[in-house]
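Subject: Structure for you to look at

Hello,

I am handing over the structure we spoke about. Please open it alongside this message, and read the notes below with it in view.

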Amino acid sequence: MTSSLSIPADHGSSPFARLRSWIAGDDPGLTRLRMATRVTLTLLITTGLLILVHALMPLPATAYGIALITGMQGALVVREARIRDRLVTRLYAAGASFLSTLCVAFTDTSPRLTDGLFLVMIFVAVYARRFGARWNAVGMFAFMCYFLGVYLRPSPGDLPGVALALLLSGIVAHLVRNHLLPEHRARDFHRTLIAVEHRIDLLVEATRALSDGDTSARARAVAAEIRLKEAVLGAEGLLPATALAVARDDDGGEGALATALFDVHLAAEAVLLAALAAPDAAARRDPRPPSAVALASERLQAARLDLRAATTRVDDEAFDAPPPTPAQGGGGMGTGWRDPSLRLAIQVTLASAIAMVAGQAVSETRWTWAILTAFLVFTNTQSRGDTLVRASARAAGTLIGIVAGIAMAVLLDGETTVSLVLIVGLIFAAFYWLQLSYSVMTFCITVAVSLLYGLLGEFTAGLLVLRLEETVIGALAGIGIAFLVFPRRTGHVAHAAADAFLAALDDLLSAATAGSGAMDLLSLSRVVDQRYAALALAARPLGSNWQIVRRPGPVRRALLRFLACTYWARRLARTLGETQPGEESHTLPKPVVARINALRTQVAGLREQRRGIFVSAETGAPAPRTAGEVDALPQAPDAIEALDMLAALLARIAGVAPPVAAAVSGRSSDT
């Protein structure tokens with residue numbers, strides 16, 4: 001296929017076209033829609049096949065449960081880029097799932113042994129994450145099947161049915177993932193560009209309102225810029241592997257496309273920064289910032305047109321090359337007690353043990369819900385604050401879901417068709433919202449389970465209350481262990497992420513002095529942006545509303561300064577890339593080199609600083625730089641401006657007043 005990509009200049013005025021544009025804008029690349037559809041379709045097809053098989057060969061309840069839980073996991077956690085790699089992972093996962101069920105079946109007469117093996121299984125499943133995505137998936141399969149086995153109590157005679165169920169769910173998940181709803185990188189890239197266009201319109205609308213004096217539009221403008229950046233980063237993640245290897249950005253191919261996306265990202269931030277300054281300027285009756293908003297908006301529209309033009313010069317074939325296979329190892333993670341994977345495995349196992357004992361004291365048959373919660377609250381968390389947020393979200397989602405579930409189960413008693421339709425819809429909604437809100441996902445699953453109990457004739461309000469009690473037990477066990485055993489303070493994790501950000505910034509500055517080419521500089525500036533995203537995620541619990549002692553002001557101020565650093569780092573990379581577009585070495589003006597070296601010294605000093613990054617109280621504006629200082633450097637005034645702004649921002653982050661030379665006339669570094 002050799003057709004070129006393109007972005008429609010007009011999304012159309014029909015209701016269908018507007019709906020399609022809204023969906024594409026809300027879900028770049030339709031990734032959430034595709035994931036939710038995969039899970040739902042896998043479960044529906046698997047259930048249908050099991051019903052057909054049951055007519056010929058009766059299957060135990062365990063087979064149904066195992067098939068559904070592994071089908072869901074197969075759609076969620078098997079994520080390798082290559083089809084062959086995904087198939088290998090599914091085979092390993094099926095083997096681990098069968099072994100888990102077998103262990104439960106043959107130890108059912110010895111509850112203590114079953115419980116002990118459960119804890120061993122949990123430890124192994126968590127520690128397996130150390131060895132990459134494949135073994136994380138295998139561990140999740142093994143845990144979920146052991147959990148379900150303990151809940152359903154299979155006998156050895158059920159194992160042939162379980163094996164058949166694993167085979168069916170694996171085949172269905174594989175076919176849905178690779179043939180019914182596969183990724184198509186060129187098509188996904190095109191859809192993501194539609195989202196970029198949609199979000200540009202939202203940003204322009206919000207910043208126009210803000211610059212006109214509507215201060216209520218401030219939050220809307222910031223949110224619009226963040227969402228536009230997410231769409232741009234999503235598009236960059238789908239770029240052909242050759243895009244960043246192109247030496248020049250005017251070659252008319254993938255390099256131009258990468259540069260055009262970069263310029264949209266940069267222009268969007270410029271529009272937001274200009275609009276945020278406009279209300280203060282209006283109060284001073286200063287006409288310059290509104291003019292700056294207009295100029296920045298024009299630049300954004302020009303970047304949009306450049307992006308459209310660049311997409312027409314890239315063929316779909318450029319996206320067909322398979323991405324490189326990621327390394328499966330987990331080297332460099334420490335040894336012994338310093339190994340974070342070992343510490344996490346111990347934490348989850350201890351939390352599960354506490355949840356097991358407390359859960360069994362509340363219910364001898366439903367205590368596995370407590371284990372499930374204790375296990376899941378440690379998933380994708382970096383610190384004890386993260387664990388607290390996730391545990392609270394799960395408990396809150398369960399509580400609200402139980403209230404809604406009781407009401408719906410009572411209202412729909414006897415309405416089998418309506419209940420089935422709602423269950424399917426709730427499962428779809430749960431996984432559509434999974435990446436956005438864990439509490440919403442938990443709410444949808446809880447309501448779906450309530451309706452399912454109603455269909456099976458097992459629904460009681462007391463059963464749902466028991467589910468809440470076990471969930472709270474598991475959440476409290478996870479929180480307690482996170483705070484008491486190998487605690488990872490959120491502040492320490494955030495400081496480590498800040499250090500990684502500063503290291504990426506230093507790499508960019510080092511490459512600039514070495515005369516690296518334009519695409520290398522742009523690529524390194526993207527790394528800075530990725531490190532900021534990791535920093536914002538790590539520091540999120542520090543400013544969350546649930547904290548007993550809230551510190552949102554300093555945390556958010558520090559994050560805004562780091563965010564501003566990413567903007568000026570991109571400005572620096574773009575400016576230097578224009579002056580040295582090739583791969584060969586170029587000599588920068590001596591004042592620029594001197595400022596870069598001074599900035600690298602400042603970065604090194606900040607990396608050695610262990611305190612103050614998130615508690616700085618220094619908020620003053622920098623002193624203005626003289627116009628003559630800029631006029632004396634006609635070769636690269638934008639580079640000087642970017643370097644001085646970075647110096648001022650880093651000084652603010654360090655909690656000290658910035659040097660006079662690190663200020664920019666008419667601007668504040670405390671954005």
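Below are notes on helix packing, aromatic rings, charges over rings and nonpolar cores.

Please keep in mind that this is a predicted model.

Helix packing

Two packed helices are described by the angle between their axes and the distance between the axes. Helix H5 covers residues 111-127, and helix H6 covers residues 133-152. The axes of H5 and H6 are 9 Å apart, and the angle between them is about 160 degrees. Angles over 145 degrees count as roughly antiparallel, so H5 and H6 are described that way. Their crossing is left-handed.

The other pair to look at is helix H3 (residues 61-76) with helix H7 (residues 159-180). Here the axes come within 8 Å and cross at roughly 25 degrees. The cut-off for roughly parallel is under 35 degrees, and H3 and H7 are therefore roughly parallel to each other. The crossing of H3 and H7 is right-handed.

Aromatic rings

The model has twelve aromatic pairs. One of them joins Phe123 and Tyr127, whose rings are stacked, with 6.2 Å from centre to centre and 10 degrees between the planes. Both residues belong to H5 and sit four residues apart, about one turn of the helix. Phe123 has a relative accessible area of 28%, so Phe123 is partly exposed. Tyr127 is at 25%, so Tyr127 is partly exposed as well.

Elsewhere, ring pairs connect Phe118, Phe143, Tyr146, Phe147, Trp367 and Phe375 into a cluster.

Charges over rings

Which ring does Arg390 lie over? Arg390 is placed over the face of Tyr438, 3.8 Å from the ring centre. Arg467 has its charged end over the ring of Trp369, at 5.4 Å from the centre of that ring.

Nonpolar cores

The largest nonpolar core holds 92 residues, and the members that touch the most others are Phe189, Leu300 and Leu650. Helix H10 (residues 254-283) supplies the largest share of this core, with 15 residues. A second core is separate and has 77 residues, among them Leu119, Ala374, Ile427 and Ile479.

To find your way around, you could start at the stacked pair Phe123 and Tyr127, go on to the packing of H5 against H6, and then turn to the largest nonpolar core at Phe189, Leu300 and Leu650.

Regards

Conventions: Residues are numbered from 1 along each chain as its sequence is written. This is a predicted model: local features need pLDDT of at least 70, side-chain atom pairs count only at pLDDT 80 or more; totals for chains, interfaces and linings use all residues. Side-chain values use heavy atoms; hydrogens and water are left out. Rings of Phe, Tyr and Trp (its six-membered ring) pair if their centres lie within 6.5 Å; planes under 30 degrees apart count as stacked, over 60 as edge-to-face and the rest as tilted. Helices (H or I, at least four residues) and strands (E, at least two) are DSSP runs, numbered from the N terminus. Buried means under 20% relative accessible area, exposed over 50%, partly exposed in between (1.4 Å probe, protein chains only). A charge sits over a ring if NZ of Lys or CZ of Arg is within 6 Å of the ring centre and within 35 degrees of the ring normal. A nonpolar core is a set of buried Ala, Val, Leu, Ile, Met, Phe, Trp, Tyr and Cys residues joined through side-chain atoms within 4.5 Å. Axes are lines fitted to C-alpha atoms, for helices over the stretch in contact, and angles run from 0 to 180 degrees between N-to-C directions. Angles under 35 degrees count as roughly parallel, over 145 as roughly antiparallel, 65 to 115 as roughly perpendicular and the rest as oblique. A crossing is left-handed if the near helix is turned anticlockwise from the far one by less than a right angle, and right-handed if clockwise.
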